[in-house]
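Here are some comments on the model you sent. Please read them next to the coordinates.

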Amino acid sequence: MLHAAVLLPFLAAFFIPFIYRGVKQVHLGWFVLLVPIVLFGYFLSFIEDVLHGVHTLKTFEWIPSLGVNVSFFIDGLGLFFALLITGIGSLVVLYSIYYLSKAEKLGHFYVYLLLFMGAMLGVVLSDNLFVLYTFWELTSISSFLLIGYWYQREKSTSGALKSMMITVFGGLAMLGGFLMMADITGTTSIRGIIENAEMVVQSSLFPFILIMILLGAFTKSAQFPFHTWLPDAMEAPTPVSAFLHSATMVKAGIYLVARLSLIFAGTDLFFLIVSGFGLLTLCWGSYMAVRQTDLKAILAYSTISQLGMIMAMLGFGTELAVLAAVFHILNHATFKGSLFMVAGIIDHETGTRDIRRLGGLFTFMPITATLAFFGTFSMAGFPLPFLNGFLSKEMFFDSSLKFQEASTIVEAVSPFFPYFAVGGSIFTFVYSVMLFFRTFTGKQRDELPQKPHEAPIGMLLSPIVLVLLVIIIALVPDVFGHALLSPMVDSITGNVGETHIKFWHGFGAPLYMSLAVLVLGTVLYLTRTKWERIYSVFPGKLSAGKAYDGLINGILKGSRKLTNAYMTGSLRHYMIYILVFFVGLVGFTMSITGGFRIAFDDLAPIAAPEILIAIAMAIAAFGTIFMNNRIAAILVLGIVGYGLSLLFVFFRAPDLALTQLIVETVTVALFLLCFYHLPNFGKEKESKRTNAVNWVISISVGVLVTMIGIASHSTKFFDPISDYFIKNSYKLGGGDNVVNVILVDFRGLDTMLEILVLGLAALGIFTMIKLRPGKKEGND
């Protein structure tokens with residue numbers, strides 16, 4: 001059933017186009033909605049097992065020879081993310097039914113959405129490194145399609161391409177870390193690697209493994225300096241932003257760090273990189289959010305900031321910090337998902353998301369404004385007893401003050417962490433208050449494209465559910481802590497710690513930090529017009545987006561110059577590049593490996609007929625150089641191929657002789673057809689220098705190929721593979737003819753693809769003949 005659950009979104013995606021074509025009267029989203037609802041109900045059934053420490057593992061052998069099996073594993077961490085993906089996914093699909101009209105290409109949208117949902121489930125439930133990587137890259141591909149859904153807009157396509165470039169780069173780096181980790185431990189199972197964590201940590205490759213895997217996590221979760229793709233991805237439809245960029249895809253990197261914490265946590269390098277970049281991302285994201293004027297751009301930088309905070313807490317590594325991190329993952333999904341939907345409602349009902357034009361919307365959209373109040377002030381960590389964001393923010397402050405016995409490096413840097421936590425949270429408060437008050441209070445600042453009005457209840461239903469969760473989680477946090485968070489902490493740290501979550505921590509440092517955020521944030525918001533000019537100085541014209549654009553443009557410009565330097569249009573130049581590289585690389589390899597050897601042992605006897613045939617082949621080969629007629633040169637060159645067929649016959653290889661005859665006949669016929677229709681070109685007069693270069697390259701290639709032929713017999717670096725084929729051709733392939741068994745059985749897939757290529761080529765030739773220009777209808 002577990003494999004079927006992961007497979008269900010992919011199967012549904014396959015049938016969506018048929019449903020879309022067959023049923024036009026009903027919005028396609030109603031059919032799609034059944035998938036995440038069914039999956040959410042299915043995963044809920046595992047909560048009781050996980051609470052009692054019962055974990056589910058289902059394995060399907062995929063590539064057993066490489067140890068790659070499709071294994072899905074449900075523990076507290078995997079179950080939480082599965083519920084998050086399917087639960088938020090259900091609300092997003094419901095929201096999209098009212099957000100996207102039937103005039104949109106809904107078939108495409110829901111196929112991409114289901115592909116992404118299935119890929120995310122595969123990521124969080126996979127127990128095999130390389131299966132996880134496969135799903136990981138599928139999330140990049142499907143998110144690329146979703147971000148670029150409105151492909152008519154240039155910003156949509158550029159944002160999709162940027163997200164693809166950055167996340168795939170990180171994914172490839174992560175794959176390198178996976179390969180090294182699997183090689184060290186001898187297993188591709190994540191659970192197996194965790195059991196052998198000491199082997200990884202003590203390996204000399206550990207720093208490279210950690211950095212490469214974190215590159216994958218940081219790029220996917222938009223950590224500084226890889227965050228630049230997330231604001232550009234806001235060009236996607238709002239349901240995509242609510243699903244991918246608040247609750248699911250951006251949490252994939254968080255999930256990866258959490259899943260592998262049992263391997264990496266406790267090392268100074270992990271602590272410094274994850275905590276350091278997490279806090280830097282927190283501060284930079286919140287600082288840049290205040291600068292934005294687009295609602296979704298504010299929420300994008302807000303997401304970057306919140307992801308940095310979660311990453312920092314995972315880097316702290318204490319049980320309190322991990323509990324705060326997983327609690328904030330849940331809280332962030334609720335308030336940020338609702339805020340993205342609110343931003344979509346405002347855009348949908350007013351025609352703009354620019355806060356410079358908005359204002360006074362509370363009068364026209366009271367329900368939306370109420371939802372925004374709960375979402376924004378929960379995001380700000382405002383100290384109200386019905387806002388879940390405040391609870392996890394307080395726990396974040398507390399965890400930034402408390403570290404277990406640590407090394408000298410950790411003790412040296414950790415005292416600065418609370419200041420970064422407060423600094424980032426101050427700007428979080430500023431942009432949260434700015435988002436709400438500049439949108440819903442005051443007076444309307446500009447004429448809007450549409451007259452503001454409240455959204456239909458169907459569009460409001462999903463954010464209402466999320467805001468209710470914001471309130472319920474805040475009022476009864478221990479219910480969620482016991483059912484969801486406790487098993488998660490166990491999966492990340494290996495210990496079931498205290499999961500009691502309190503609203504009131506007493507008078508202490510966390511409370512004073514919260515009060516500092518409240519007071520300083522309020523002051524900064526009220527005086528923002530006086531200090532906002534700082535953005536023209538820092539970052540000023542510098543930004544991660546411009547750095548990315550400069551890097552890409554530099555690569556394109558450099559590659560264009562390099563390509564123009566060697567793509568001269570001269571066939572001779574291209575042959576020189578290829579042949580010189582061939583001679584240099586192969587000659588160097590043979591020289592350092594001792595490949596230049598000549599041995600005459602174990603050779604078949606050579607009689608007069610073989611010698612005469614070889615002489616005839618040599619004369620024919622030399623003759624082609626000096627012939628002026630191309631047709632004659634082709635025919636003479638054919639003597640070489642047919643002579644080789646005769647040699648195969650004399651050396652008792654009739655099957656090879658038959659193959660050679662067929663290949664040579666087809667080759668000669670094709671050359672004759674091609675050259676017959678080509679115009680005649682006279683011989684070019686080359687300079688002595690050019691001719692000398694031609695002679696040197698030609699002789700070098702000829703000598704090297706001859707030496708390779710001799711060395712293939714003379715050097716014995718490995719046991720000949722022919723012994724294996726001779727021994728196993730009948731037993732494994734059921735045939736006595738070894739060559740045929742190799743072609744049909746041992747390399748049957750290769751042969752099948754060769755036949756496929758020939759078939760496609762023949763089909764292409766036939767098509768060109770039938771569709772040649774000037775052909776009259778009805779003529780053959």
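Predicted model: local features only at pLDDT ≥ 70, side-chain atom pairs only at ≥ 80, totals over all residues.

1. Residues are numbered from 1 along each chain as its sequence is written, and side-chain values use heavy atoms, without hydrogens and water.

2. The structure holds 46 aromatic pairs (Phe, Tyr or six-membered Trp rings with centres within 6.5 Å; stacked under 30 degrees between planes, edge-to-face over 60, the rest tilted). F436 and F440 make a tilted pair, with 5.4 Å between centres and 35 degrees between planes. Both residues lie in helix 22 (417-440), 4 residues apart, about one turn; helices are DSSP runs of H or I, at least four residues, numbered from the N terminus. F436 and F440 are both buried (under 20% relative accessible area; exposed is over 50%, partly exposed in between; 1.4 Å probe, protein chains only).

3. F436 and F440 belong to one aromatic cluster, which also includes F373, F429 and Y525. R528 lies over the face of Y525, 4.5 Å from the ring centre. Likewise, R191 lies over the face of F73, at 5.3 Å. The criterion is CZ of Arg or NZ of Lys within 6 Å of the ring centre and within 35 degrees of the ring normal.

4. I615 is in helix 29 and is partly exposed, at 44% relative accessible area.

Conventions: Helix = DSSP H or I, 4+ residues; strand = E, 2+ residues; numbered from the N terminus.
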